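Here is a short note for a colleague who has not seen this model before. Please read it with the structure open.

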Amino acid sequence: MSAPAPGAPVIEARQLTRRFGSFTAVDAVSFEVERGEIFGYLGANGAGKSTTIRMLNGLLAPTSGTARVAGHDVAADPDSVKASIGYMSQKFSLYLDLPVMENLLFFGGAYGLFGKALRVRAGELLELTGLAGQDAAITGSLPGGMRQRLALAGAILHRPEVVFLDEPTAGVDPVARRAFWRLIRQLSSGGTTVFVTTHYLDEAEYCRRIGLMVDGRLVALDSPAGLKRTWVPDRVLVARGQGLAGAAAALAGRDGVRSVQPFGAGLHLRVDPARLDEAGVGRILSAAGAREVVVDRAEPSLEDVFLAVVGREARGEAVT
Amino acid sequence: MTAPVRPSARVQLAAVFRKEVQQTVRDRRIMFMLVVAPLIQTVVFGFAVDFEVDRVPTVVVDPDRSATSREDARRLLADGTLLSTGEEISAEAASAGIDAGRASAALVFERRAEADRLSGRGQEVQVLLDGTDPNRTTVTSGAVSRFFSELGERLARERLEASGQTPPAQLRPIPRVAFNPGLATAPYMVPGIAAMLLVIVTTFTSAMGLAREREMGTLEQVLVTPIRPVLLLVGKMAPFVVIGLLVVALLIGVGTWLFAIPIRGSLGLLFLGTVLYLLTTLGAGLLISTVSANQQQAFLGGFLFTIPAVLLSGLMTPILAMPGWLRPLTLLNPIRWYAEIMRGVLLRGAGLADLWLQLAVLLVIGVAIMAAATLRFRRRLG
Ligand SMILES: Nc1ncnc2c1ncn2[C@@H]1O[C@H](COP(=O)(O)OP(=O)(O)OP(=O)(O)O)[C@@H](O)[C@H]1O
Ligand SMILES: [Mg+2]
């Protein structure tokens with residue numbers, strides 16, 4: 001029951017493993033999450049994201065390995081862990097047949113809140129999540145974006161130290177997604193640790209650190225910028241100008257050019273920075289007949305990282 | 001950071017109770033199934049399940065057509081057990097009528113009925129009976145033999161008196177039936193029917209309720225809260241105990257009004273028995289749902305429990321009529337004990353001193369079932 005020292009990790013997974021029969025869904029995963037951090041957990045369908053979360057919040061016993069959350073051992077003291085965390089499961093799991101307010105009152109009660117304090121807190125959260133005035137609406141009648149925000153409200157009623165959000169924005173429109181992420185950042189700046197899984201790589205950019213899961217294994221863990229440096233050593237360039245389509249062929253096969261792809265009216269290319277730079281690319285394109293050529297350096301996206309990681313894993317699988 | 005305080009049990013219990021009430025009263029179908037359906041069924045069954053045998057359709061075959069044979073038939077048919085549906089010309093025709101279902105009994109006089117009787121040779125009357133329903137057959141043949149044995153006795157006495165001799169003293173038992181003097185079926189059956197309907201609706205609602213939460217994923221959201229499993233289960237049951245008490249009160253009201261069921265004992269005692277009974281039936285539902293993966297399995301599980309429980313409760317077949325090895329099983333059957341409490345309180349005016357055993361057995365069964373359900377539920381989380 002001891003509180004973790006300041007600066008100690010809020011989530012600690014040590015060699016967490018979960019097997020279903022002979023299938024290993026999560027394979028010896030270890031990581032730490034720091035206080036107030038937004039920690040992104042990425043991976044393809046079936047990579048083991050939800051299974052990891054379910055082991056961290058006490059819903060699923062690990063086959064082996066240990067986890068500490070909010071200073072408590074999940075296996076030894078699940079009740080203390082549960083009182084310290086909030087959880088939004090991948091599948092919407094508030095009561096669809098109850099009014100919005102009744103859902104909050106029920107879950108608040110389950111966390112031990114009651115009376116006026118609970119009602120005030122529920123009202124506060126409806127306000128925060130943009131659901132003010134929806135108290136009496138039947139939950140099942142809310143559109144997807146509102147449901148997700150209500151689920152978040154239900155998960156943070158008791159001011160947990162850590163919230164686990166399992167694909168909180170799946171199937172939600174871009175505007176609602178943006179609104180949701182504003183809430184996540186607000187939570188995090190208030191000191192709450194956020195552990196979030198997603199399929200949307202643009203969202204992952206908001207995370208302070210990202211863990212990448214492939215087939216049950218955590219294969220990369222770093223900040224978005226760090227991941228890009230490690231996994232995409234090539235320089236990504238964007239060329240704009242006139243007549244690029246005809247000139248693009250001149251780049252193919254040139255020393256230092258890794259890939260060339262048309263991208264809108266321009267070209268997207270990856271080069272080895274040791275052998276070729278922006279000026280070099282400009283010269284080649286101009287010589288091949290393109291005019292008004294401008295070449296800029298672009299930031300690699302997490303998509304590039306993701307493809308690089310999955311690509312290496314696939315090759316690794318093929319070799320062994 | 002503050003160390004998490006263990007949430008108050010009372011708050012958690014109240015939250016589950018409130019949520020369950022909200023969901024139940026919002027669901028018209030569940031309310032109908034819980035309250036209206038048992039009421040309608042009790043009324044229908046109360047009228048349908050009538051073990052009194054009367055108005056048995058009977059044909060008369062009277063080739064003699066004499067004054068005595070006609071008088072015998074008239075008086076036999078007058079007592080109400082048998083009801084004349086006409087005449088047939090021969091025993092064969094009457095038998096065919098029974099085969100065809102047009103009659104359940106036939107009274108066949110001999111051609112020389114009157115002559116035989118007057119001559120003192122003795123008269124024979126043949127009775128044909130449909131034996132499909134043994135109870136009905138027994139009662140019908142009993143009525144016919146009682147009539148003719150009384151008639152024979154009277155004739156013998158008249159004959160002795162006519163010859164100047166004193167007839168022997170008559171021996172006649174006079175039964176006094178306590179508690180149900182009219183031997184009406186309804187006061188006995190309606191409490192049993194109520195017990196049966198209550199086990200069915202409450203077992204199914206509690207089994208399906210938890211299975212539905214599992215299927216919808218809401219159970220997972222509840223299980224990440226620090227709620228104690230036993231409070232969750234008790235809180236889910238509690239509203240149905242209240243509804244069950246309401247249903248029992250309604251059924252007794254209707255029973256008193258429609259079937260003249262007496263209320264001789266304390267209703268408080270009956271309600272205490274009802275609460276203990278509901279603990280067992282709702283607990284059984286929860287136990288079923290802890291071994292079911294989805295609502296479909298919970299539904300099948302509900303049948304697997306309620307049908308044998310009803311059949312082996314003594315409501316349908318007397319327990320003494322069951323094979324010896326099966327009888328001890330009825331001791332574990334809550335329906336049996338609850339029916340005894342109901343009948344005891346309503347029909348006999350039994351008090352706590354008479355019914356403590358029944359109440360204690362229900363309590364033990366209920367606590368055991370709840371403990372098993374909680375353990376199973378906890379184990380499944382691991
Ligand atoms: N209870 C279970 N029994 C058997 N297999 C399971 C169970 N739960 C998960 N799995 C399997 O474990 C693997 C990982 O599942 P998990 O739900 O953790 O993936 P995920 O990364 O969350 O995927 P998604 O993006 O689709 O949500 C999957 O192949 C899944 O089929
Ligand atoms: Mg998942």
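1. Basis. This is a predicted model, in which local features need pLDDT of at least 70 and side-chain atom pairs count only at pLDDT 80 or more, while totals for chains, interfaces and linings use all residues. Residues are numbered from 1 along each chain as its sequence is written, chains are lettered from A and ligands numbered from 1 in the order in which they are written, and side-chain values use heavy atoms, with hydrogens and water left out.

2. The metal site. Ligand 2 is a magnesium ion, and Ser50(A) through OG and Gln90(A) through OE1 coordinate it at 1.9 to 2.1 Å. Donors here are N, O and S atoms within 2.8 Å of the metal (3.2 Å for Na, K and Ca); water is not among the atoms, so sites may look incomplete.

3. Helices (H or I, at least four residues) and strands (E, at least two) are DSSP runs, numbered from the N terminus.

4. Ser50(A) is partly exposed, at 21% relative accessible area. Gln90(A) is also partly exposed, at 42%. The scale runs from buried (under 20% relative accessible area) through partly exposed to exposed (over 50%), with a 1.4 Å probe and protein chains only.

5. Around ligand 1. Which residues come nearest to ligand 1? Of the 14 around it, they are Gly46(A), Lys49(A), Ser50(A), Thr51(A) and Gln90(A). A residue counts as near if one of its heavy atoms lies within 4 Å. The shell divides into five nonpolar, seven polar and two charged residues. In this grouping Ala, Val, Leu, Ile, Met, Phe, Trp, Tyr, Cys and Pro are nonpolar, Asp, Glu, Lys and Arg charged, and the others, Gly among them, polar. H1(A) gives the largest share, three residues. Strand E2 (23–33) and H1 of chain A each supply at least two.

6. Atom pairs at ligand 1. Oxygen atoms of ligand 1 lie 2.8 Å from a backbone N or O atom of Gly46(A), 2.7 Å from a side-chain N or O atom of Ser50(A) and 3.0 Å from one of Glu167(A). Alone, ligand 1 exposes 630 Å², and the protein buries 61% of that.

7. Domains. Chain A is divided into domain 1 (11–223) and domain 2 (233–299), with 43 Å between their centres, taken over C-alpha atoms. Chain B has domain 1 (14–50 + 185–381) and domain 2 (56–162), with centres 49 Å apart. Domain bounds come from an automatic or database domain assignment.

8. Positive phi. Two residues other than glycine deserve a look. Ala70(A) has a positive phi of about 55 degrees. Ala70(A) lies in the loop between strand E4 (64–69) and strand E5 (72–73) of chain A and is buried, at 0%. Arg159(A) has a positive phi near 50 degrees. Its loop runs between helix H5 (144–156) and strand E7 (162–166) of chain A, and Arg159(A) is exposed, at 56%.

9. One more loop residue. Ala76(A) is in the loop between E5 and helix H2 (78–84) of chain A. Ala76(A) is exposed, at 66%.

Technical notes
Polar contact = N/O pair within 3.5 Å; in protein donor to acceptor, adjacent residues only side chain to side chain. Areas by Shrake-Rupley, 256 points an atom, 1.4 Å probe, with all protein chains shown as cover.
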